[in-house]
Amino acid sequence: MSRTIRRKHLLAGLATAGVLGVGIAAPTMAMAADSTSPSPTASASADKDSDRERERSDRQQKRSDRQAEFAEALAAELGVPADEVTAALEKLREQRAADRPERGDRPERGDRPERGDSADRQEALTQRLAQAVEDGKLTQEQADAITAAVEADVLRGLGGHGGPGGSEGK
């Protein structure tokens, strides 16, 4: 009799293991089939562009709202009508824009003038350090230490690489 009970337990355990195996495997397979990523399409890039435009317009709207609130607060503080303050601020913005170069006038990243070779940069650094010593901003010992550090490649960035956004390894 104990032998039949063992068989029953064995069969019950195997049946339970089979049911659990199917219960775990089926959802896992279903999730694996659903998780395939769609290939990028032209509409996906168009969605990114429209998202960027939407974010840009949202930022511009928030900025204009903040400027309007500022103008109203300034008008209330000065006891002047808000439209006069807004007009004055706009006039000042236009004057500032006329005083600085347009964004289109600045050279693009690839169009920037050459930095020169290493000897030219070293000579320019030497001249700047000599001027700083002459002006009393540095001692000669400090200038020599800076020159030695540049020559030993301790101060990255002075040669055109390794500064903010530059590469660390050579």
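A nonpolar patch on the surface of the predicted model is formed by Leu10, Leu11 and Leu14, which together have about 330 Å² of accessible area. One of these residues, Leu10, is found in helix α1, which spans residues 2-34. Leu10 counts as exposed because its relative accessibility is 54%, where exposed means over 50%.

The chain as a whole contains five helices and zero strands, so that its pattern, read along the sequence, is α-α-α-α-α. Of its 170 residues, 7% count as buried, and the accessible surface of the chain comes to about 14,600 Å², with 55% of this area belonging to carbon and sulfur atoms. Among the contacts in the chain with a separation of 6 or more, 25% are accounted for by residues 24 or more positions apart.

Helix α5 comprises twelve residues, 140-151, and reaches 16 Å from its first C-alpha to its last, which is close to the 16 Å expected at 1.5 Å a residue. Within α5, the residues Ala143, Thr147, Ala149 and Val150 are buried. These residues lie on the same side of α5, because they cover an arc of only 160° around the axis. The cover over the buried residues of α5 includes helix α4, residues 118-135, whereas on the other side of α5 the residues Glu141 and Glu151 are exposed. Just after α5, Asp153 takes a positive phi of about 65°.

Conventions:
Residues are numbered from 1 along each chain as its sequence is written. This is a predicted model: local features need pLDDT of at least 70, side-chain atom pairs count only at pLDDT 80 or more; totals for chains, interfaces and linings use all residues. Side-chain values use heavy atoms; hydrogens and water are left out. Patches are made of residues with over 30% relative accessible area and no salt bridge: like charges are joined within 9 Å, nonpolar side chains (Val, Leu, Ile, Met, Phe, Trp, Tyr) within 5 Å. Accessible areas come from the Shrake-Rupley method with a 1.4 Å probe; for residues, only the protein chains shown count as cover. A salt bridge is a side-chain nitrogen of Lys or Arg within 4 Å of a carboxyl oxygen of Asp or Glu. Helices (H or I, at least four residues) and strands (E, at least two) are DSSP runs, numbered from the N terminus. Buried means under 20% relative accessible area, exposed over 50%, partly exposed in between (1.4 Å probe, protein chains only). Contact means heavy atoms within 4.5 Å. The expected span of a helix is 1.5 Å times one less than its number of residues. The arc is that of the directions from the helix axis to the C-beta atoms.
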